[in-house]
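Have the structure open while you read.

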Amino acid sequence: MENFATLIKNRRSTRKFTEQPLTPEQVEAILKAALMAPSSKNKRAWQFVVVEDKEMLQKLAASKPAGAAFLRESALAVVVLGCGMESDVWIEDASIASIYMQLQAEDLGLGSCWCQIRGRQTEQDTESNEYIRHLLNIPYQLDVLSIIGFGYKDQVRSPFDESKLEWEKIHIGTYCMPEII
């Protein structure tokens with residue numbers, strides 16, 4: 001890693017991957033990052049299902065009508081789960097673990113993309129959470145937040161354009177309403 005500022009500027013969602021598999025060391029590094037993520041009261045109310053099987057990746061890609069197709073081409077998908085019985089902020093904690101995995105992937109020169117599952121439905125109007133729960137034998141107390149797809153990048157994306165930063169969304173001291181002309 002050059003430095004953190006460069007890492008976050010370069011991390012962009014990748015939806016096109018090569019067919020090259022990840023090494024066991026890369027997979028371990030990504031999963032370690034998730035397990036080292038901070039969580040409220042150190043509850044760690046998240047769990048992860050790692051999927052590399054191409055047939056299962058195809059099924060996961062059908063978890064919602066749009067925005068999941070890239071999972072078919074992923075070398076690896078991590079299904080991010082959380083337990084509301086363990087923590088009332090499992091969504092936030094699982095989200096932090098997710099971005100830790102994505103930042104680790106970028107640091108390894110890999111691409112990644114978030115696929116939102118919580119609150120989504122399949123093409124057949126089944127809850128995406130239930131569809132995936134059935135596919136992967138996930139117990140009832142866990143809910144699916146997202147699926148993160150990983151792989152070698154097959155598309156080149158420019159780093160984030162800092163000229164597009166929306167500084168008007170930053171408020172100092174108190175919230176200030178924008179002036180209406």
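1. Helices and strands here are DSSP runs, numbered from the N terminus, with at least four residues of H or I for a helix and at least two of E for a strand. The model is a predicted one: local features need pLDDT of at least 70, side-chain atom pairs count only at pLDDT 80 or more, and totals for chains, interfaces and linings use all residues. Residues are numbered from 1 along each chain as its sequence is written, and side-chain values use heavy atoms, with hydrogens and water left out.

2. Let's start with a glutamine. Gln26 sits in helix H2. Is Gln26 buried or exposed? Gln26 has a relative accessible area of 11% and so counts as buried (buried is under 20%, exposed is over 50%, and partly exposed lies in between, using a 1.4 Å probe and protein chains only). Its side chain makes a polar contact of 3.0 Å with the side chain of Tyr152. A polar contact is a pair of N or O atoms within 3.5 Å; within protein, one must be able to donate a hydrogen and the other to accept it, and residues adjacent in sequence count only if both atoms are side-chain atoms. Neighbours within four places in sequence aside, Gln26 touches Leu108, Leu110 and Tyr152, where contact means heavy atoms within 4.5 Å.

3. Now for how H2 packs. Two packed helices are described by the angle between their axes and the distance between the axes. Helix H2 (residues 24-35) and helix H4 (residues 90-107) cross at roughly 145°, and their axes come within 8 Å. Axes are lines fitted to C-alpha atoms, for helices over the stretch in contact, and angles run from 0 to 180 degrees between N-to-C directions.

4. Which residues of H2 and H4 make the contact? From H2 come Ala29, Ile30, Ala33 and Ala34, and from H4 come Ala97, Tyr100, Met101, Gln104 and Ala105. By class, that is eight nonpolar, one polar and no charged residues. Ala, Val, Leu, Ile, Met, Phe, Trp, Tyr, Cys and Pro count as nonpolar, Asp, Glu, Lys and Arg as charged, and the others, Gly among them, as polar.

5. The other pair to look at is helix H3 (residues 54-61) with helix H5 (residues 128-136), whose axes are 10 Å apart at an angle of about 165°. That angle makes H3 roughly antiparallel to H5 (over 145 degrees; under 35 is roughly parallel, 65 to 115 roughly perpendicular and the rest oblique). Met56, Lys59 and Leu60 of H3 meet Tyr131, Ile132, Leu135 and Leu136 of H5. Six of these contact residues are nonpolar, none is polar and one is charged.

6. H5 also holds Arg133, which counts as buried at 11% relative accessibility. Its side chain has a polar contact of 3.3 Å with the side chain of Glu130 and reaches the backbone oxygen of Pro139 at 2.7 Å. Residues up to four places away aside, Arg133 touches Ile138, Pro139, Tyr140, Gln141, Leu142 and Asp143.

7. Finally, two loop residues to check. Lys41 has phi near 55°, a positive value in a residue other than glycine; Lys41 lies in the loop between H2 and strand E1 (46-51) and is exposed at 74%. Asp125, also not a glycine, has a positive phi of about 65°. Asp125 is in the loop between strand E3 (111-116) and H5, and its 58% relative accessibility counts as exposed.
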